[in-house]
Protein chains: 2
Amino acid sequence: MRPFLSLNSFVTLRDVGLRDGLQSIQTILPTEKKCDWIDAAYAAGVRHMEVGSFVPAHLMPQLADTASVVAHAKRYADLHITVLVPNLKGAERAIEAGADALLLPISASAAHSAANVKKTPDQMLEILATIDSARKSAGSSITIDVGISTAFGCTIQGDVPESEVVRIAKAAVDAGADEIGLADTVGYADPAQVKRLFTKVQAAIGARCRTAHFHDTRGLALANTVAALDVGIRYFDASLGGIGGCPHAPGASGNVSTEDVVYLLVRMGFETGIDLDRLLVLRKQVSQWLVNEQFNGYIWRAGAAKSSAFLHQ
Amino acid sequence: MRPFLSLNSFVTLRDVGLRDGLQSIQTILPTEKKCDWIDAAYAAGVRHMEVGSFVPAHLMPQLADTASVVAHAKRYADLHITVLVPNLKGAERAIEAGADALLLPISASAAHSAANVKKTPDQMLEILATIDSARKSAGSSITIDVGISTAFGCTIQGDVPESEVVRIAKAAVDAGADEIGLADTVGYADPAQVKRLFTKVQAAIGARCRTAHFHDTRGLALANTVAALDVGIRYFDASLGGIGGCPHAPGASGNVSTEDVVYLLVRMGFETGIDLDRLLVLRKQVSQWLVNEQFNGYIWRAGAAKSSAFLHQ
């Protein structure tokens, strides 16, 4: 008996290392290495990647080459390319670059939103509507993906009302979002909360509630992943090597590591299309490129369980 | 809404740091410090502790003072004291010392059992029967707790048949065991497997299937804890600071850290009776006693979520 291994056994992982990972570390990875990363991740079976941000280059020099990185990624016809954009200008650049999806973050915490983008969540929803109009005007088929950040709590404000997350999700869909993700930006989520909040958002917007984005700051990212799986979520963000994701505490981890999520999923009987061994080779390569940065995760160190014969099918 | 917060919202944690923690590290902690540890853990609300082993002192000098440690622990009338014993001789010493429970490990992996204790699981079941007889002869009310080790897989043998775990659990109850625990000795368990195997053992022996003992070697201990909670388990082993537990890989973690489990449980709405802040103070103290040893866990570094107001009630 394999629980979950039914019609719904395929899980999509989007590796966000090239964006969420690289944006919060010091080292600037050369474009050529980013392209090598994409090639190796693709060869390992990763088919969804967030490869950069269209933000002003002086604000985020690490990601200033995003257009070139997208151009490289587009050589793979079945690679789904996401870029983060904070505003209309960024969205126009994403459309021009030919990304498959643009990710617009909207913080559910008013305090976080004010501190981070100097806008209210409702002002971000207005920006979303202008992006949807721009997409239509351009005749673009780009997907608009809204990531609701601090959906499970906020280091500034503390609790974030679940009703506010649901309200933003509904309003975002009304304003043109195709997909909604719930992001635990600061690692506050617990499994009970994950089930509860995803269920509420699913009740409000159905299958457009697609993505779970967890941080491992308090060691709960994998437990939260299982909770989201339990309520039907099949699309997860993760970062190669667990890099980035604003850990907020010295030595603490941010993004959950892609390798650990792959291992968890395969061990539980889900399919991911990703070859763990090849992913671990890439992790090692990237750790050599980013020698001064903190890497996280377990499975690179401990190795897969000997009993997981199916991992090597 | 708080899932799980029903009649069944209290979860018991047994801190195994003084046994499973200390037995696998180099430093020998003086008896006086062990007593201080017990005092502080008790003050923090811990009411179940595994405080040592009755094994030959030359084999495990770290735990040679177990009788003295038990004697100290017995000053707390409502502190439930467990000691590990490998055989009849150890059980006799546990009875003489006045421990509340003796823990007899029986490995479900024939290969692990042969390598570790040079006995088959069935020979261990015979020893269990002699221990039960000795308990009766002594007129002792000591509880016999069987920990089925390598229940979720084995580094030597690989897969461990679930039917063998169920068979050993039933046979152990027949031979006199009062409580059964399933131990993921090498960190192989995944949440689907945890639900499946606990459910099978519960079907075979009912509420005598009590304890979950998880290692965090592959980062899944907290996810596995949630899975066990989901199928009704309310008794968990954990080790202060995540020390010990035979990590088997350089830098990998073994036992899940007590602080992290407390945080998870409280954040999910369970009650533990344990004060996380006081536990973190103890962790810091113990880390100063064991300066050359590896500590694990998350919450000591990241701190509790700001939104968890209920943590500080």
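In which sense do strand 4 and strand 5 of chain A pair, and over how many bridges?

Tutor: Strand 4 (residues 101–107) and strand 5 of chain A pair in the parallel sense, over seven bridges. Two strands count as paired if DSSP finds at least two bridges between them. Helices (H or I, at least four residues) and strands (E, at least two) are themselves DSSP runs, numbered from the N terminus.

This is a predicted model, in which local features need pLDDT of at least 70 and side-chain atom pairs count only at pLDDT 80 or more, while totals for chains, interfaces and linings use all residues. Residues are numbered from 1 along each chain as its sequence is written, and chains are lettered from A and ligands numbered from 1 in the order in which they are written.

Strand 5, helix 7 (residues 162–174) and strand 6 of chain A make a right-handed β-α-β unit. Right-handed means that, with the strands pointing away from the viewer, the path from the first strand over the helix to the second runs clockwise.

Strand 5 of chain A spans residues 143–149, and because six of its seven residues are buried, this strand is largely enclosed by the rest of the structure. A residue is buried if 20 or more other C-beta atoms lie within 10 Å of its own, exposed if 12 or fewer, and partly exposed in between, with C-beta atoms placed from the backbone.

In chain B, the loop between strand 5 (143–149) and helix 7 (162–174) holds B:Thr150. Phi of B:Thr150 is near 50°, a positive value in a residue other than glycine. Most residues other than glycine have a negative phi. B:Thr150 counts as buried because 27 C-beta neighbours lie inside 10 Å.

A:Lys118 lies in the loop between helix 5 (110–117) and helix 6 (121–138) of chain A. A:Lys118 has 8 C-beta neighbours inside 10 Å, so this residue counts as exposed.
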